[in-house]
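Biologist: I have a model open and would like to understand the words used for its contacts. Could we go through them together?

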Amino acid sequence: MSGLNPMTDKASVDYWDRRRGRIFSRKGGWVLGQGVSSHGYSMLDDLVGRAGFFQVLVLNVTGKLPEKQLSDWMESAFICLSWPDARIWCNQIGAFGGDARVVPSAAICAGIMASDSRMYGPGTVLETCHFIAAAARSLQQGHSAAEFIQAHARNKGKTMLPGFVRPIVTGDERVTAMQGVAKNLGFEDGPHLAAAYQVQEYLIENHGESLNLAGYMSAFLLDRGMTPHQGYIIFSLCVNGGIHACYEESCSRPAGSFLPLRCDDINYCGEKERAVPHD
Amino acid sequence: MVTARGDKFSDKVNTKVCREIADPGNPFVAERVLWHGYDVLDLMERRSLVEVVFCLLKGELPSALQARQLQQTLILLANPGPRHAGARAVMNASVSKTDPLHFLPIGLALMGGEQLGGAEVRDAIKFLRRNIRHDPCARAAELCEAISEQARQEGEPVRPAPGFGGCFAGIDSFARTAAARLHKSFPHNEALAWGMAFVSGLESANAGWRITGLAAAMFTELGLPPNVGAGLFQLASSPGLLAHGIELSGKPVTDMPFISDSRYHYERAESDD
């Protein structure tokens with residue numbers, strides 16, 4: 001291991017020693033009595049009252065302060081992902097939290113963690129971004145949408161279409177709403193959205209499936225130069241509004257009254273009763 | 001256009017784990033509770049917690065040997081220690097006056113990661129399951145060979161497989177000793193024996209057991225699937241997380257370090273210019 005740089009070589013104890021009791025930040029931070037900064041901007045002088053919440057969120061994650069239009073677009077996307085319906089899985093967890101009278105932060109964090117799902121919510125963003133980025137590359141290389149799907153979307157005999165399938169229903173009215181928002185804000189479609197629409201065209205015809213909101217959002221963010229991981233981080237809390245709503249409602253009703261179950265509402269299908277053997 | 005898929009959802013929750021027999025006077029109240037067919041009150045009187053945990057996860061009570069292996073593993077994992085991110089999170093929460101009811105959810109969330117957490121245990125179980133029929137020494141040689149020259153040049157930690165690798169700038173001595181002790185106690189544990197042979201081939205790469213790999217070997221031998229092992233690893237850490245949190249509960253915020261400005265280094269990124 002000799003000959004390596006002790007400043008960067010993690011195989012050297014020196015590397016770890018240099019970090020003991022110190023924080024290295026590329027973000028900025030708080031200088032006591034002087035101010036707080038994010039990526040070179042003074043939070044209180046440059047951002048508070050001048051930039052929107054989502055502009056600062058994007059700045060904090062990516063290091064770049066986006067134009068206000070992107071912040072407005074994101075705010076609309078969060079609204080699209082936050083429906084106050086306690087049948088939606090993460091929202092129902094928030095409602096159970098209220099029903100069990102846990103504090104809001106616990107219930108809402110539990111719902112947020114549940115939305116890190118492979119089926120819906122922000123948990124799909126990373127995979128969807130990679131899928132759409134791969135589609136864009138494939139189409140640019142001259143392959144058809146059908147060829148791309150044949151080559152990339154098969155997993156254990158199933159067709160995997162991240163960004164193009166939605167639970168409960170086919171179609172996604174939120175995409176139409178967000179397309180309108182983007183148009184009003186002056187955004188133009190980039191190569192990733194173009195690729196997503198090409199894939200959608202094939203899927204509507206052959207599978208009856210279309211672009212879902214995660215697919216639309218992912219393509220949109222890739223077109224704005226965001227990485228999949230940055231998109232995943234920024235949208236990690238996107239379902240919170242619906243969870244807040246369902247938590248508040250169940251909190252305001254009698255404890256234990258949200259979807260109560262009788263013992264026989266559970267279908268036991270396991271072992272018959274048996275005696276516990278002695279050691 | 002939005003169209004309902006018309007999926008057929010189950011009318012009821014189905015479970016093989018728990019049967020609650022209703023009180024004749026109130027269908028919402030259980031009179032008796034059975035887990036995998038066993039009366040819970042009988043389990044309470046006749047079996048250990050470890051045996052019941054095994055039964056809940058596997059559906060059957062463990063053999064005496066399985067119970068001993070699980071018992072020792074869970075003790076080994078009962079406290080990740082105050083340098084683990086999970087415990088540090090709990091201690092931070094505690095000293096900053098977070099409600100102690102949040103200690104475990106906070107700590108357990110951070111016990112789920114790919115770095116010494118549940119995700120690493122999950123991946124290590126998958127690795128062991130895929131490789132246990134292969135020659136461990138040959139596999140170790142292949143994996144060490146595969147560590148890229150670039151990674152070596154950049155001094156990246158050696159991680160030939162999930163659950164196995166370097167620890168800071170060396171080998172985790174505690175995990176190595178614990179593995180040796182468990183191997184001595186359970187010489188017929190096939191997954192552990194495979195791991196012992198595997199790490200013997202990693203030493204030249206300054207790699208060895210990680211505590212996650214050791215947990216994975218024990219869970220593999222007990223037939224616990226990857227996701228069950230990951231969750232059990234998190235669960236096992238609970239007593240230590242709680243203990244470290246409670247220890248600081250009510251203490252002044254000054255009882256933990258707060259990094260001074262002089263030790264907080266802003267590394268201006270290129271994108272800031």
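This is a predicted model: local features need pLDDT of at least 70, side-chain atom pairs count only at pLDDT 80 or more; totals for chains, interfaces and linings use all residues.

Biologist: What makes up the area buried between domain 1 and domain 2 of chain B?

Modeller: About 350 Å² is buried there, and carbon and sulfur atoms give 80% of that area. On the domain 1 side, B:Phe54, B:Leu57 and B:Lys58 supply 86% of the area buried against domain 2 of chain B, more than any other three residues. The rule also finds two residue pairs in polar contact across this interface.

Biologist: Now for the chains. Why is the pair A:Arg274 and B:Glu60 called a salt bridge?

Modeller: The rule asks for a side-chain nitrogen of Lys or Arg within 4 Å of a carboxyl oxygen of Asp or Glu. A:Arg274 and B:Glu60 are 2.9 Å apart, N to O, so the pair meets the cut-off and counts as a salt bridge. Across the interface of chain B and chain A, the rule finds three salt bridges.

Biologist: How many residue pairs are in polar contact between chain B and chain A?

Modeller: The count is 31 residue pairs. On the side of chain B that touches chain A, β4(B) gives the largest share, six residues. The residues on that side divide into 25 nonpolar, 13 polar and 21 charged.

Biologist: And how much area is buried between chain B and chain A?

Modeller: About 4900 Å², with carbon and sulfur atoms giving 54%. In chain B, B:Arg5, B:Arg46 and B:Tyr264 lose the most area to chain A, together 13% of what that side buries. The contact involves 59 residues of chain B and 58 residues of chain A.

Biologist: Why do strand β1 of chain A and β8(B) count as paired?

Modeller: Two strands pair if DSSP finds at least two bridges between them. Three bridges join β1 of chain A (residues 23-25) to β8(B), so the two strands count as paired. They run parallel, and the bridge partner of A:Ile23 in β8(B) is B:Tyr264.

Conventions:
Residues are numbered from 1 along each chain as its sequence is written. Chains are lettered from A and ligands numbered from 1 in the order in which they are written. Side-chain values use heavy atoms; hydrogens and water are left out. Buried area is the accessible area (1.4 Å probe) that two parts lose on being put together, summed over both. A polar contact is a pair of N or O atoms within 3.5 Å; within protein, one must be able to donate a hydrogen and the other to accept it, and residues adjacent in sequence count only if both atoms are side-chain atoms. Contact means heavy atoms within 4.5 Å. Helices (H or I, at least four residues) and strands (E, at least two) are DSSP runs, numbered from the N terminus. Ala, Val, Leu, Ile, Met, Phe, Trp, Tyr, Cys and Pro count as nonpolar, Asp, Glu, Lys and Arg as charged, and the others, Gly among them, as polar.
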